[in-house]
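I opened a new structure today and kept notes as I went. My plan was to begin with the whole chain and then zoom in.

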Amino acid sequence: MLDSLIERIAVLQSTGDATYVAGLFPSQRLKKELNYLREDSNIFFTAITVFTLQEIRSSLSGRSQQIVDDITDKAASTYPLYQNKHGLATYNFYQTQPSHHFPNGRIMHRTQHFKLPDDVDDTVMIYLITPRSQEEHLWLKAKLRLMPIRSKAYPKPGLWHFESKKFTPPGSGKKCQLILTPAPCPM
């Protein structure tokens, strides 16, 4: 049963076509209210698929472990396409080499205004699934400490504060500090 599921996942990995480079897993953007469905060539869903497979690898049969290794190798060949456009070891949701943001859309891919910056989710997922040196991990840790916090992104209940940067959560009137270890922000 599990072997057949792993085989099915391997079949879903792109072998390369006009939409998906070889090694990616297909995904779609969906907005039901607008009857909008587009193929969405991005690294995030490939990275979380590989992460999940690596997490269960040790409990799989030898044959399935080899399939997971093949999937991982094919996916890894796509990571440089999503790396920071200036060569930093951070990653973007959409392809940066060459730039290909909001693929298959009608409007947003036509302007630089909608081009996304590199993000923590994609970067951290790729760091979790690729071997990295201690030096690389320390570099990322320092880089993450410098990233701005946008308090609008946090829901009002359960706000967290982080080391070295101060911000005021909306409606609280209290300053919070950016720290490495999260702790509840006083309301």
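This is a predicted model: local features need pLDDT of at least 70, side-chain atom pairs count only at pLDDT 80 or more; totals for chains, interfaces and linings use all residues.

Here are my entries, in the order I looked things up.

**Entry 1: the whole chain**

I looked up the elements and found five helices and eight strands in the protein chain. Reading from the N terminus, I wrote their order down as α-β-β-α-α-β-β-α-α-β-β-β-β. The chain has 187 residues, and buried ones make up 33% of them. I also looked at contacts with a separation of 6 or more, and 44% of those join residues 24 or more positions apart.

**Entry 2: the core**

Which residues touch the most other members of the largest nonpolar core? I got Ile71 and Tyr79, out of 22 residues in that core. Helix H1 (2-12), H2, helix H3 (62-76) and H4 each give two or more residues to this core.

I then followed Tyr79 and ignored its neighbours within four places in sequence. Tyr79 is in contact with Ile43, Val50, Tyr91, Ile126, Ile129 and Thr130.

**Entry 3: Thr78**

Next I clicked on Thr78, which sits in the loop between H3 and strand S3 (95-96). Is Thr78 buried or exposed? Its relative accessibility is 1%, so I put Thr78 down as buried; the cut-off for buried is under 20%. Leaving out residues up to four places away in sequence, I listed what Thr78 touches: Val21, Ala22, Gly23, Leu24 and Ile43. Ile43 is also on my contact list for Tyr79.

**Entry 4: H2 against H4**

I moved on to helix H2 (residues 44-56) and helix H4 (residues 120-129). They pack at an angle of about 35°, and their axes are 9 Å apart. The crossing of H2 past H4 is left-handed. On the H2 side, the contact is made by Phe44, Ala47, Ile48, Val50, Phe51 and Gln54. H4 brings Asp121, Asp122, Met125, Ile126, Leu128 and Ile129. I sorted the residues of this contact into nine nonpolar, one polar and two charged.

A reminder for reading such lists: an α-helix has 3.6 residues a turn, so residues three or four places apart point the same way.

**Entry 5: Glu55**

Glu55 lies in helix H2 too. Why does Glu55 count as exposed? Because its relative accessibility is 56%, and exposed means over 50%. I also checked Glu55 against Ile129: they are 74 residues apart in sequence, and 9.6 Å apart in space from C-alpha to C-alpha.

**Entry 6: H4 against H5**

The other partner I looked up for H4 is helix H5 (residues 134-146). Their axes come within 12 Å and cross at roughly 165°. That angle makes H4 roughly antiparallel to H5, because anything over 145 degrees counts that way. This crossing is left-handed. Val120, Thr123 and Tyr127 of H4 make the contact with Glu136, His137, Trp139, Leu140 and Leu144 of H5. I sorted these residues into five nonpolar, two polar and one charged.

Going back through my lists, Met125 is in the contact with H2, while Tyr127 is in the contact with H5. Ile126 and Ile129 also turned up among the contacts of Tyr79.

Terms used:
Residues are numbered from 1 along each chain as its sequence is written. Side-chain values use heavy atoms; hydrogens and water are left out. Axes are lines fitted to C-alpha atoms, for helices over the stretch in contact, and angles run from 0 to 180 degrees between N-to-C directions. Helices (H or I, at least four residues) and strands (E, at least two) are DSSP runs, numbered from the N terminus. A crossing is left-handed if the near helix is turned anticlockwise from the far one by less than a right angle, and right-handed if clockwise. Contact means heavy atoms within 4.5 Å. Ala, Val, Leu, Ile, Met, Phe, Trp, Tyr, Cys and Pro count as nonpolar, Asp, Glu, Lys and Arg as charged, and the others, Gly among them, as polar. Buried means under 20% relative accessible area, exposed over 50%, partly exposed in between (1.4 Å probe, protein chains only). A nonpolar core is a set of buried Ala, Val, Leu, Ile, Met, Phe, Trp, Tyr and Cys residues joined through side-chain atoms within 4.5 Å. Angles under 35 degrees count as roughly parallel, over 145 as roughly antiparallel, 65 to 115 as roughly perpendicular and the rest as oblique.
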